[in-house]
Amino acid sequence: MSVQGVNNRILTDDIIVKEALRLLKNNLVTAPLVHRDLEKRFAKVGDVISLQKPFRTKTAAGRTLQKQPMIDQTVPFRIDRQEHFGLEVTMRDRTMSIERFSERYLKSGIIQIANVIDRSILLQFKKAFFSSGTPGTAITLKSFHLAKAHMNNVAVPSDGMRRCILNSLDAAEISDAISNKFNEQMVKGAIQKGYMGPLADFDMFESANTPTHTVGNYAGTPQTNGASQTGSTLVTDGWSTGITGLLKAGDVFTIAGVFEINPQSYQSTGRLQHFVVTADVNSDGSGNASIPISPAINDGTLTTVDVEGNTLSLKAYQNVSAAPADGAAITVLGSAGETYREDYLFHRDAVALAMIDLELPQSATVKSRVRDPDSGLSLAMTGAYDINNQTEVTRIDAVWGTDMIYPELAHRLWSDN
């Protein structure tokens with residue numbers, strides 16, 4: 001990708017955009033860690049596809065066949081993000097070496113785009129519901145290993161594709177804790193940006209883009225309002241009245257008596273199921289609130305209706321030991337209004353990223369596009385020549401989409417303020 005600008009050799013559009021892609025690839029931390037096999041299914045910005053999840057079935061004892069319905073479960077995925085930066089260069093600038101041109105014109109903008117892409121991925125982890133740790137208390141090696149155990153209990157695959165992303169402060173804590181034990185092994189071969197090494201079946205990375213979470217302004221003595229509730233909305237009461245921002249998207253809570261189960265054995269793990277709030281919630285004048293949640297509560301009795309109007313059982317997708325009783329206490333993780341650091345442990349397939357090629361305008365005098373076949377990354381460069389000032393006004397764009405497609409494969413590790 002390097003061409004020396006000697007003897008008045010002009011840097012071409014292709015050389016510049018390839019150098020920009022090299023910089024992008026070298027400055028991404030999170031993007032290489034998630035699922036990357038969707039690009040071929042998209043064509044342009046705004047495209048939406050439906051990702052089909054694998055069928056799940058539940059075994060039955062005895063000789064008599066018990067049929068299980070094969071139910072399609074899909075997740076919508078959209079290309080909806082675009083980030084760019086602009087630069088104005090003269091023809092004389094194009095006689096620079098690519099190294100000088102990269103340092104002067106490309107590096108700052110590409111690093112910012114890389115950070116925006118990484119942060120857009122990390123924000124998806126606010127949709128994860130499994131979590132551990134104590135909000136307000138910094139993580140330790142023990143809390144890290146407990147999180148791993150919780151992931152094992154809910155059958156997150158341990159197949160060499162588990163990753164961990166720590167915010168910078170927690171990364172420092174963990175690095176210090178292991179410095180006298182595993183440091184030499186951990187840093188051996190650590191050539192990827194942000195890579196800290198392996199620990200307890202996880203490839204560990206550090207990122208300054210890891211978002212914090214601010215808990216809603218909840219108050220009162222919340223409880224369920226109605227017995228045997230299932231589905232993705234929980235009806236509650238007992239909150240303080242008229243609170244705007246009672247709960248925020250990303251808040252996590254438990255319900256007394258509702259335990260998580262192992263999706264292979266369908267037996268309780270002995271730990272309360274965690275639910276994440278999927279949209280901001282307010283309480284009304286009587287202290288009531290309907291909370292949109294993930295996962296949908298399924299005690300094995302939940303059903304769905306197919307396109308032909310048939311009612312189908314979702315017993316194979318059971319995720320809790322029992323539906324909540326009426327008046328079951330609700331406990332929100334973290335103190336109201338407080339902000340906490342978080343770290344993320346996850347399987348590669350929890351989150352997906354897709355980058356597509358931007359359509360190049362026919363009228364552009366500067367236009368070039370490049371895709372890296374290994375990483376799936378793509379950038380486009382377009383621009384026009386200003387004849388009066390003998391400059392080129394150029395922009396470099398990245399277009400992508402990202403979403404959490406398997407939240408059950410991710411785990412939020414709460415940390416200090």
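This is a predicted model: local features need pLDDT of at least 70, side-chain atom pairs count only at pLDDT 80 or more; totals for chains, interfaces and linings use all residues.
Some ground rules. Residues are numbered from 1 along each chain as its sequence is written, and side-chain values use heavy atoms, with hydrogens and water left out. Local features need pLDDT of at least 70, side-chain atom pairs count only at pLDDT 80 or more, and totals for chains, interfaces and linings use all residues.

Salt bridges come first. Side chains of opposite charge can pair when their charged atoms come close. Here the test is a side-chain nitrogen of Lys or Arg within 4 Å of a carboxyl oxygen of Asp or Glu. The whole structure holds 14 of them.

Take Lys107 and Glu103. Their closest N and O atoms are 3.8 Å apart. Both sit in helix α2, residues 98–122, four residues apart, which is about one turn of the helix. Helices (H or I, at least four residues) and strands (E, at least two) are DSSP runs, numbered from the N terminus. Lys107 is partly exposed at 35% relative accessible area. Glu103 is exposed at 53%. The cut-offs: buried is under 20% relative accessible area, exposed is over 50%, and partly exposed is in between, with a 1.4 Å probe and protein chains only.

Next, Asp403 and Lys127. Here the closest N and O atoms are 2.6 Å apart. Asp403 is in strand β24 and Lys127 in the loop between α2 and β4, so this pair ties together parts 276 residues apart in sequence. Is Asp403 buried or exposed? Buried, at 16% relative accessibility. Lys127 is partly exposed, at 39%.

Now the largest pocket. A pocket is an open set of points on a 1 Å grid over the protein atoms alone, where a 1.4 Å probe fits, with protein on both sides within 12 Å along at least five of seven lines; lining residues have an atom within 4 Å of a point. The space in this one is about 1500 Å³, a volume filled by probe spheres set on the points. The lining has 49 residues, and Lys53, Phe129, Pro295, Pro407 and Glu408 lie nearest the centre. Which strand gives the largest share of the lining? β15, with four residues.

Last, the surface. Ile10, Met91, Tyr385 and Ile387 make a nonpolar patch of about 380 Å². Patch residues have over 30% relative accessible area and no salt bridge, and nonpolar side chains (Val, Leu, Ile, Met, Phe, Trp, Tyr) are joined within 5 Å. Tyr385 belongs to strand β23, residues 378–386. Tyr385 is partly exposed, at 39%.

Key
Patches are made of residues with over 30% relative accessible area and no salt bridge: like charges are joined within 9 Å, nonpolar side chains (Val, Leu, Ile, Met, Phe, Trp, Tyr) within 5 Å. Accessible areas come from the Shrake-Rupley method with a 1.4 Å probe; for residues, only the protein chains shown count as cover.
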